[in-house]
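Hi everyone, thanks for coming along. Let me put the structure up, and then we can walk through it together.

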Amino acid sequence: MGRYLDTVAVVTGARRGVGRIIAEHFLKEGALVVGLARGVSTIEDPRYRHFQADVGKIKDVQEAFAGIAKHFPTIHIVVNNAAVLTSQYSLILPAERAQAMVETNLLGTFYVSREAAKIMRKSNYGRIINIGSMAARLEPVGDSIYAACKAGVITLANVMAREFSAFNVTCNTLGITAIETDMLQQLPREKIDAIIKNLPISRYATGEDICHVVDFFASPKSSYITAQTVFLGGIH
Ligand SMILES: NC(=O)c1ccc[n+]([C@@H]2O[C@H](COP(=O)([O-])OP(=O)(O)OC[C@H]3O[C@@H](n4cnc5c(N)ncnc54)[C@H](OP(=O)(O)O)[C@@H]3O)[C@@H](O)[C@H]2O)c1
């Protein structure tokens, strides 16, 4: 208990799935947590504040961060978790679904990291953590744009790591494997089971697996850890 006392953490996509697991973990450990999502809050906690924002829309992100700046002296941690997925062969993937993935998964990560870094620069401290995916390495059929976006968030973190190191902001990526969420429900279970069976560690991820690496990247002790990607389950 108390790992994140006096810590302000922003989590995108905090109202469901992995984002909610991470937000609740931060709360349990004493943080003040700001959640961003398109929908209304699903977390009831006096230390939780929710902003409805589409991370793929620059105006929404700027408004949310203006609101955050009004209520909090700084931001210590940002977890870029919000993402959408449409898994479909490239030949028939609707253009608007491809665009939605680029806007949310890639540009959303860019917009949120940039607004957060403007605040972090003033306090000369910050931890930016992108939630990536095994898809970036495994390049599954049907996930051309999704996998490209997830490879893209690794690159974003690595370049931002160079740009933000002058003000002690680290940028890292956690590439997660399959975990039971609404997103996973969209995919054929046989496809996911076959992928998981071939991992060096053949099981689904748990919230604990994810929060363990988030804690590592988010720790003040990880000041010399930046531009790194950790994959769960033995993917490399
Ligand atoms: N689940 C898996 O097996 C798996 C595997 C590998 C990687 N990942 C990655 O893990 C992360 C979390 O996935 P998940 O499975 O928890 O997904 P999820 O259950 O579908 O939840 C996605 C969350 O992101 C939010 N979101 C989506 N688009 C948004 C937008 N444009 N603006 C703001 N918020 C938005 C959603 O908010 P609303 O509720 O308001 O829509 C929701 O809270 C994603 O980055 C995903 O790519 C997941």
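Here is a question to begin with: is T74 buried or exposed? T74 is buried, with a relative accessible area of 11%; buried means under 20% relative accessible area, exposed means over 50%, and partly exposed is in between, using a 1.4 Å probe and protein chains only.

Before going on, a word on what you are looking at. This is a predicted model, where local features need pLDDT of at least 70 and side-chain atom pairs count only at pLDDT 80 or more, while totals for chains, interfaces and linings use all residues. Residues are numbered from 1 along each chain as its sequence is written, and side-chain values use heavy atoms, with hydrogens and water left out.

Back to T74. You will find T74 in the loop between α2 (58–71) and β4 (77–80). As for those labels, helices (H or I, at least four residues) and strands (E, at least two) are DSSP runs, numbered from the N terminus. The side chains of T74 and S123 are joined by a polar contact of 2.9 Å. A polar contact is a pair of N or O atoms within 3.5 Å; within protein, one must be able to donate a hydrogen and the other to accept it, and residues adjacent in sequence count only if both atoms are side-chain atoms. Not counting residues up to four places away in sequence, T74 touches V8, I119 and S123, where contact means heavy atoms within 4.5 Å.

Now for two strand residues. S133 is in strand β5 (residues 126–133), and it counts as buried at 7% relative accessibility. A polar atom of the S133 side chain lies 2.9 Å from the backbone nitrogen of A135. If we set aside residues up to four places away in sequence, S133 touches Y146, K150, G175, I176 and F231.

A37 lies in strand β2 (residues 32–37) and is buried, with a relative accessible area of 9%. Leaving aside neighbours within four places in sequence, A37 is in contact with G13, A14, R15, H50, F51, Q52 and A53. Take F51 from that list: A37 and F51 are 14 residues apart in sequence, and 6.8 Å apart in space, C-alpha to C-alpha.

Let's turn to the helices. Two packed helices are described by the angle between their axes and the distance between the axes. Axes here are lines fitted to C-alpha atoms, for helices over the stretch in contact, and angles run from 0 to 180 degrees between N-to-C directions.

How do α3 and α5 pack? Their angle is about 15°, with the axes 9 Å apart. That makes α3 roughly parallel to α5; angles under 35 degrees count as roughly parallel, over 145 as roughly antiparallel, 65 to 115 as roughly perpendicular and the rest as oblique. The residues making this contact include M101, L106 and F110 of α3 and Y146, V153 and L156 of α5. By class, the residues of the contact of α3 with α5 divide into 13 nonpolar, 4 polar and 1 charged. Ala, Val, Leu, Ile, Met, Phe, Trp, Tyr, Cys and Pro count as nonpolar, Asp, Glu, Lys and Arg as charged, and the others, Gly among them, as polar.

Next, α2 and helix α3 (residues 95–123) pack at about 30°, with their axes 10 Å apart, and are therefore roughly parallel to each other. In this pair, I58, V61, Q62, F65 and A69 in α2 meet Y111, V112, R114, E115, A116 and I119 in α3.

Finally for helices, the axes of helix α1 (residues 17–28) and helix α8 (residues 207–218) come within 10 Å and cross at roughly 60°. That makes α1 oblique to α8. Among the residues in the contact are I21 and F26 of α1 and I210 and V214 of α8.

To finish, some loops. Most residues other than glycine have a negative phi, and most peptide bonds are trans. E139 has a positive phi of about 50° although it is not a glycine; E139 sits in the loop between α4 (135–138) and α5 (144–164), and at 60% relative accessibility it counts as exposed. N168, also not a glycine, has a positive phi of about 60°. N168 is in the loop between α5 and β6 (169–176) and is partly exposed, with a relative accessible area of 40%.
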